Every structure is written in C-alpha cells, then in structure tokens.
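Please open the structure in your viewer and keep the selection tool at hand.

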Amino acid sequence: MKRTTLPVRLALLAATAFAAVPAHAQSLGYENVDGGDVAASGGSTGMRTTVRPYIEAVQNVLWELAPGDDVLTYSSLAAGVDVALRGRRTEGAISVRYERRISQSDRVADGDTLSGLARVRYDVIPRTLSVEAGALATRTNIGLGGASAINALATNDAVSQIYSLYAGPALSTHVGDVALSASYLVGYNRLEQDNVLQGTAGQPLNDIFDDSFVQSGQISAGIAPGTVLPVGVTASGSYFQEDISNLDQRVRDVRGGVQVSYPVTQSLAVIGAIGYEDVEISSRDAVRDGNGVAVVGSDGRFVTDTSQPRQIAYETSGLTWDAGVMWRPSRRTALSAFVGRRYDSTTYYGSFSYVPDARSQLTIAAFDNVSGFGGQVTRALRDLPTDFEVTRNPFNGQIGGCANGSQSGGCVNNALSSVASAVFRARGINGTYSRQIGRLTAGIGAGYIRRSFIAREDSVLGAANGVLDESYYVNAGLNGPIDRRSSFSVSAYSAWFEPGTTGAGNTTALGANAAYFRNLTDRLAASAAVGIDSFNQTLLEDQVIASALLGLRYTF
C-alpha cells in the first residue's frame with residue numbers, strides 16, 4: 001500500500017472513525033482556579049451572571065506508533081469565556097473559545113477555529129411565556145460518504161467548521177380548565193469547508209451540506225382527566241420545515257391530531273392518539289453540461305438548476321396513530337413509550353429520565369424523524385440542558401459531544417455524524433448518565449443512529465436514495481480534585497461507523513486519555529495530558545497514535 005504522510009492519514013482516518021464519538025470529551029479541571037468571577041444583579045429579574053474569561057497557551061506532540069514512527073509538534077494560543085446564568089427568570093450557560101494553531105514544521109498547517117456551546121432560557125412572564133436560544137460552533141473532519149468527526153485531531157487544512165443557532169418563544173397557560181401551549185423556533189445551520197473533497201474526473205466524492213434554515217412550531221389545547229371528562233383530551237398541531245441550499249431541497253412535515261389519556265393509576269396513564277400527516281420532500285436537479293454531466297461549482301458542491309421546477313422526491317399523507325404509556329411515579333422519574341404509524345411505516349419513540357437525588361441523573365431518548373443535516377442538529381441542540389457543564393477536548397479545546405445538567409443530559413454526536421446534503425429519515429437512541437461519587441464526577445454517553453437517505457432517483461442525488469448509514473458511540477469519563485490545588489480527568493471511548501456508500505469500508509475507533517491540572521496561583525493553572533488512539537479501517541492500515549501536551553491558562 002502506498003504510504004501517505006501522518007497528517008493526511010490522521011485527517012482521513014479520524015473523519016471516518018469518529019463518525020459519532022465525542023473524542024477525548026472530558027471536563028477540564030480549571031474550575032478550581034479561584035477568582036475571575038464577575039457578578040451582576042439583574043434588578044427585578046433576580047439574574048446573576050458568573051463570567052470567567054481566560055487565555056491559554058499549549059504545546060502539542062503527536063507520535064505515530066503504527067504503522068510508522070512520525071512525530072510532529074505544534075503550538076496553540078486560545079482565548080475564551082465561560083458564563084453561567086442563574087436567576088428567578090433566567091437560566092443558561094455559554095462557553096466560547098477561539099484557538100489559533102501555530103505551525104512548527106511543514107507537516108502542520110497554521111489555522112484557527114471557533115468553538116462553543118450556548119443554551120439560554122428567559123421567562124418573560126413567569127410560568128407563562130419564555131424565550132429560549134441556543135448556539136453551537138465546532139470543528140470537524142469529513143471523510144468518505146459524508147462521515148463527520150467532531151473533535152478529530154487536525155494537523156492540516158482538511159478541517160471544516162459547523163455553526164448552528166436557533167431562537168424562539170414558548171407559551172404555556174390556562175383558560176379555565178383548558179391548558180394551552182404553543183412554541184415556535186427558527187434556526188440556521190452552516191458548514192464551511194476549508195478543503196473540498198473531489199472524486200475522479202473532477203466529480204465530488206459526495207455532495208456536502210452547505211446551509212439550511214429550519215422552522216418548527218406546535219400548538220395544543222387540552223383538558224386533564226377528571227375535569228370535564230373522565231379521560232384527558234388534547235388537540236394538537238405541529239409544523240416543521242427545513243430549506244436546504246444544496247439543490248434547493250425542502251422538507252415539510254405537517255401534523256394534526258387528537259390524543260386521549262386514560263389514568264390507570266395516579267402515576268400511570270394509557271395514551272391513544274389518531275391524527276393526520278402531510279409530509280413532502282422536494283428538490284431541484286443540478287445544472288448539466290452538454291454531455292449531461294452534473295456541473296460542480298468552485299465550492300465542490302453541485303450547482304442547482306433554478307430554471308427547472310421543484311420535483312417531488314417523497315410524499316405521504318393520511319391517517320396516523322400512536323399508542324403508549326406515560327408513567328410518572330414521582331417528580332424524579334418519568335417514562336414515556338410509544339408505538340405508532342408515521343411516514344407510511346411503523347414508528348417507535350419515547351424517553352426516560354431518572355433523577356434520584358442531586359448527585360446523579362439518567363436520560364434516555366429514542367427518536368424517529370425526517371430532516372436534513374441542519375434540522376437534526378437544531379433538534380439535538382434544543383434538547384440539551386440549559387445548565388450544562390462544559391466538556392472540552394484537552395488536545396484541541398473543542399466542545400465534547402455530550403452535555404450534562406442537574407436534571408437531564410443530551411448529546412449532539414448522532415446529529416453531527418454525517419454531513420451529506422441529502423435528506424434522510426433518522427431513527428436512533430441517545431443516553432447519558434452522570435453521578436457525583438464523593439468529590440468525583442463520573443459520566444457516560446452512548447448512542448446509535450440509522451439514516452435512510454431520500455432523493456429522486458432521476459436526479460444527481462439519485463445514488464443516495466435508499467442508502468443506509470449506521471453509527472454508534474460510547475464514551476466514559478471520571479474527573480475530580482486530588483487536593484486543594486490540583487485535579488485530574490480520565491476518559492475512554494469507542495466508536496463504530498458502517499457507511500452505506502459502496503467501497504467506503506467500516507471503521508472502529510478506540511482510545512483513552514488522562515489529564516492533570518495544577519493551580520500555580522489563584523488565577524494561573526498548568527495542565528498536562530497524554531492520550532492514545534487506535535483506528536482500524538477496512539481500506540487502510542491500522543493506526544496507533546500517542547498524544548501529549550503541556551499548557552498554561554490564566555483566568556481573569
């Protein structure tokens with residue numbers, strides 16, 4: 001096999017191997033640095049803000065143990081801020097970081113990245129009207145079939161940046177015995193490519209997502225069991241639309257229905273629902289040259305033929321049904337499980353949350369929906385807790401894929417595991433668990449997603465129609481203080497990716513790392529970390545890579 005350079009192999013292997021894994025995700029121990037807090041009173045709102053800005057310098061070393069013995073080094077400078085919002089009307093967390101990578105050899109390219117995670121909710125009218133917003137920025141490598149690797153080791157310019165943000169209001173109130181609720185959000189998602197993937201004869205290896213606008217809304221009105229009727233009755237409607245720039249694709253999902261709940265006991269209810277759905281996926285084809293070959297633009301994506309009308313790729317309409325149970329034996333435990341018929345086929349979905357005390361929480365959610373890449377990211381971002389604890393990769397400072405709060409947790413790994421532009425039906429499950437063990441914090445995140453891509457067979461995306469991608473991820477970590485001035489963090493992960501693209505090959509990734517943090521002064525902290533990563537891909541040689549770093553952070 002022809003030998004490639006270490007940076008190229010790192011980018012290619014990480015892109016396919018980490019298809020859904022929060023690589024090296026862990027809580028950094030800098031929270032032990034005292035000082036730097038800025039508290040501001042919000043007057044009548046009771047808002048309190050804690051702000052921790054910082055600067056950081058890191059020296060990195062990567063050593064290839066197999067199949068070769070290449071060694072490369074690079075430095076990075078970073079500036080960031082962590083914000084926590086706690087108040088009677090406001091809750092949220094914001095973590096933003098800018099990093100500049102500085103080359104120390106021709107094998108490592110200079111570069112800069114912006115990473116961050118934010119979730120904020122503000123109660124305009126307590127317990128009635130609220131406004132929430134969220135944002136995500138992360139770096140990724142892209143591989144065969146659109147496989148995406150968040151937090152992958154990046155030593156060259158084969159890096160892309162993902163941005164996602166959304167905002168919208170939510171209303172919850174009563175009119176007599178009738179409970180009313182409504183919500184609306186608008187979101188925007190964008191992928192910026194630094195390196196265009198091209199196949200043979202100038203054709204793209206796959207059409208990579210560019211950007212999309214997402215709209216989602218719902219409204220419902222219902223009565224509780226035992227008020228007007230012995231059963232609860234709720235009428236609801238929902239609307240979802242994503243407009244994707246690639247080939248002008250559009251996903252529109254409109255639903256309405258009536259749900260009846262029968263309380264078997266005080267904690268258990270049986271649910272039945274009947275409704276109507278109208279789902280449509282449409283797009284335009286690419287511009288064709290004189291030989292009928294699709295034209296590719298300078299950005300490596302197909303050029304949309306706007307002169308032709310939009311064509312239907314998928315549509316279904318008609319009656320739907322759902323049946324299930326809701327179990328809530330206490331304020332700390334909640335379960336919902338449903339089976340039904342949607343998208344002209346059987347569907348399963350539900351959730352389980354368990355918060356036995358203030359020191360632990362478990363969250364599991366199963367989903368089934370239709371969207372593009374942007375819609376999936378927006379949904380995942382909105383499901384994250386507003387009081388999350390930030391987790392960042394010690395080797396590049398990137399946001400980890402999972403976030404845990406006091407009452408729930410969530411992951412965006414499944415949503416980010418493929419950046420192919422085609423619309424798909426996504427079915428999968430995510431789970432997170434965290435626990436305080438004395439002064440230590442332990443956590444685990446796991447998930448699975450299956451994408452079934454949808455496209456017109458006579459369009460340029462026709463080859464993607466019916467293709468199935470599957471990915472899995474598991475990661476675990478433990479962190480906590482060693483003494484008054486030092487702390488540690490260890491984590492391990494495993495990931496599997498099975499692409500639906502012919503000839504791409506399966507990938508398995510395994511790895512572990514450990515970090516040590518020491519407060520030199522009240523504001524200055526030192527860090528050291530080591531890690532090892534193993535990549536096994538069907539089409540390439542096995543890789544084993546060791547990593548190490550030394551860093552300093554000053555918190556203002």
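Select Phe373 in this predicted model: Phe373 is buried, with a relative accessible area of 1%.

Begin with Tyr188 and Phe213, whose ring centres are 4.9 Å apart; their planes stand at 45°, so the pair is tilted. Tyr188 belongs to strand E8 (residues 178–193) and Phe213 to strand E9 (residues 211–223), and the pair, 25 residues apart, links distant parts of the chain.

Return to Phe209 and Phe373 and display their rings. The two centres lie 5.0 Å apart and the planes are at 55°, so this pair is tilted. Here too distant parts of the chain are linked: Phe209 is in the loop between E8 and E9, Phe373 is in helix H2 (residues 373–382), and 164 residues separate them.

Then select Tyr448, Tyr472 and Trp496 together; ring pairs link these residues into a cluster.

Show Arg255 with Tyr343: the charged end of Arg255 sits over the ring of Tyr343, 4.9 Å from its centre. Next show Arg553 with Tyr54, where Arg553 lies over the face of Tyr54, 3.6 Å from the ring centre.

Move on to the cysteines. How many disulfides does a search of the whole structure find? It finds one, joining Cys402 to Cys411 with an S to S distance of 2.0 Å. A disulfide is a covalent bond between the sulfur atoms of two cysteines. Viewed along the link, Cys402 and Cys411 form a right-handed disulfide, with 100° about the S-S bond. Cys402 and Cys411 are both buried.

To find the second largest cavity, select its lining: Leu247, Gln249, Ile281, Ser282, Ser283, Arg284, Ala313, Ile454, Ala455, Arg456, Ser459 and Leu461. Which element gives the largest share of this lining? Strand E12 (residues 268–283) does, with three residues. Colouring the lining by residue type shows six nonpolar, four polar and two charged residues.

Conventions:
Residues numbered from 1 in each chain as written. Predicted model: local features only at pLDDT ≥ 70, side-chain atom pairs only at ≥ 80, totals over all residues. Heavy atoms only, no water. Disulfide = S-S within 2.5 Å. Buried < 20%, exposed > 50% of the residue type's maximum accessible area, 1.4 Å probe, protein only. Phe/Tyr/Trp six-rings, centres within 6.5 Å; stacked < 30°, edge-to-face > 60°. Helix = DSSP H or I, 4+ residues; strand = E, 2+ residues; numbered from the N terminus. Lys NZ or Arg CZ within 6 Å of the ring centre and 35° of its normal. 1 Å grid on protein atoms, 1.4 Å probe; cavity = no way out; pocket = protein on both sides within 12 Å on 5 of 7 lines; lining within 4 Å. Nonpolar A, V, L, I, M, F, W, Y, C, P; charged D, E, K, R; others polar.
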